[in-house]
Amino acid sequence: MAAQRRNLMQSHQSWTDDLPLCEMCGVGTATNCVYGPDGKGTVSHPNEDGHLRFRGEDGCFLYGVFNGYDGSRVASFASQCLTAELLLGQLNSSHTDSDVRRILTQAFDVVEKSYFETIDGALAEKANLSNYLQPHDEVHTHTHTHNEVQEHLKELEQEVSGGATAVVALILNNKLYIASVGTNRALLCKSSSDGQNQVLQIGRPHSTDNEDELQRLAALGVDSSRVRQAGQISGQSSTRRLGDYRVKFNYNEIELLSAAKTRPVIAEPEIHGSHSLDSVTGFLLLMSEGLINALESAHGPEQANQEIVAMVAAELALQSVLEAVAQSVVERVKRLHHDVYVSGRQRATFCLRHEDMTLLIRTLNYPLADGTLTPTQGGRIYPVSVPYSNSQSTSKTSVTLSLVMPSQNTLTNGTNTASTLEEGTPTPGSQSPTATLQSTNTQTQSSSSSSGDGSLFRQRGSQAAQPDETGRVPPYVDFSQFYRLWGGDHSDGQSTVGGLGGLGPQ
């Protein structure tokens, strides 16, 4: 019977196997970690996150990040079922914004109901076995049978337990829609034509400190002040989630929720959009709760959005493969979290462990670095001043970015494009452009505008050095002044050019 249920849960996967992956997207992941006294980390459970990144028909793209807990079943099922509910002909370019929002809401409802259908048999079997073990039952006289039933109950509990939060991005008609259930996060980073850069957090997490969610719970009869104080509902901070039968069907047995007049923890998505992507240059980020919490634990929540955007922009300036970009950012966050723990400083107590981390990056007309560039062709990164350092204050109100983007034959969303830089474009030898991100928060979204002497996405280029007949590139750094100064400061004659091991010009 358990095998039949697993087959039912996997049925959606075969429907979506042939859908093409989006090539304008990269995903990075890291497994959970618990640090020991020696600073070494151990994995406490298999990775429970999930994601999707598909290209549909009629200019439709679907992306999602799912943060699973107590197992990966719900996250895996949701990613498969949601794709089947949205990319198999349900959406087309004739749909209006209200149509898209309706279809998205219906898709999440189908995912929730379909998942519980897959575990309905296990739940019924679990209930029967629980009754079988009631104290008045004579089966207690048979110890061997009693132990077998208890073991089977544990297996059934493991099969049906768990849930997931989700953030899903849909692009249709070059318009962006975000559907969120729970505590994951979506950021849209874009640069306008006048050089202003904006980082927009789309929506707020459905958590126990979200005022709108607390009011919703209070309207159902739940003591919202107790919820806020507890900080969690049945082990999770989310007030909306997929799956998790305990808070959906047995909420009256949970003290914190027992007064609710109807189901308090729901799977209904909050949908934002549409956001027009016409003429937008930038990128979209979908992040799991584990990634957000790891960064905020290490450096505080004040500048987390700006930090992650700065990291992504820095890696995009260096790397030409989006998968490598996303993975590098995740590894950077993981290192930051670990370094804060081993430092023993103030925030170390917040960094005893981190959960699974997932980052999805979708570029929007953003120029990728050319991996074949030499140092004289651009594509290098100039100093990026952000709170990466453990010693840097987390109370900063600005983040200064100094980036160099690739210039010649840059790769834009998988397509080679020629540089359109004007004659006055600075060269790598001049001061690099900077942009300052200033954060302003509202209840429904937070945005960051940037300004400076250049754009976050400004390109810069220079003439490429051509290799000679031996395949070597001629020297492009002149050390003459260095050697003159060295010789002037060392009059003992031991520090001549030749004394430098023949490194000087011959």
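Colleague: What sits over the ring of phenylalanine 350?

Modeller: The charged end of arginine 347 does, 4.6 Å from the ring's centre. Keep in mind that this is a predicted model. Arginine 362 does something like that too: it lies over the face of phenylalanine 61, at 4.8 Å from the ring centre.

Colleague: Let's zoom out. How many helices and strands are in the protein chain?

Modeller: Twelve helices and 20 strands. The chain has 506 residues, and 49% of them count as buried.

Colleague: I'm looking at β2 now. Which strands share an open sheet with it?

Modeller: β3 and β13; the order is β3-β2-β13, and the pairing is antiparallel. β3 (41-42) and β13 (353-354) are at the edges with a single partner strand each, so one side of each has no neighbour in the sheet.

Colleague: What holds strands of a sheet together, in general?

Modeller: They pair through backbone hydrogen bonds, either parallel or antiparallel. Here, β2 (residues 33-35) pairs with β3 over two bridges, and valine 34 stands opposite threonine 42 in β3.

Colleague: Which helix lies across β2 and β13?

Modeller: That's α11, residues 322-343, running at about 20° to β2.

Colleague: Is tyrosine 35 buried or exposed?

Modeller: Buried, at 10% relative accessibility. Tyrosine 341 is buried as well, with a relative accessible area of 16%.

Colleague: How are the rings of phenylalanine 116 and phenylalanine 249 arranged?

Modeller: Their centres are 4.7 Å apart with the planes at 55°, so that pair is tilted. Phenylalanine 116 is in helix α3 (residues 97-118) and phenylalanine 249 in helix α8 (residues 245-249), so this pair links parts 133 residues apart in sequence.

Colleague: And how accessible is each one?

Modeller: Phenylalanine 116 is buried, with a relative accessible area of 9%, while phenylalanine 249 counts as partly exposed at 37%.

Note on methods
Residues are numbered from 1 along each chain as its sequence is written. This is a predicted model: local features need pLDDT of at least 70, side-chain atom pairs count only at pLDDT 80 or more; totals for chains, interfaces and linings use all residues. Side-chain values use heavy atoms; hydrogens and water are left out. Two strands pair if DSSP finds at least two bridges between them. Helices (H or I, at least four residues) and strands (E, at least two) are DSSP runs, numbered from the N terminus. Contact means heavy atoms within 4.5 Å. Axes are lines fitted to C-alpha atoms, for helices over the stretch in contact, and angles run from 0 to 180 degrees between N-to-C directions. Buried means under 20% relative accessible area, exposed over 50%, partly exposed in between (1.4 Å probe, protein chains only). Rings of Phe, Tyr and Trp (its six-membered ring) pair if their centres lie within 6.5 Å; planes under 30 degrees apart count as stacked, over 60 as edge-to-face and the rest as tilted. A charge sits over a ring if NZ of Lys or CZ of Arg is within 6 Å of the ring centre and within 35 degrees of the ring normal.
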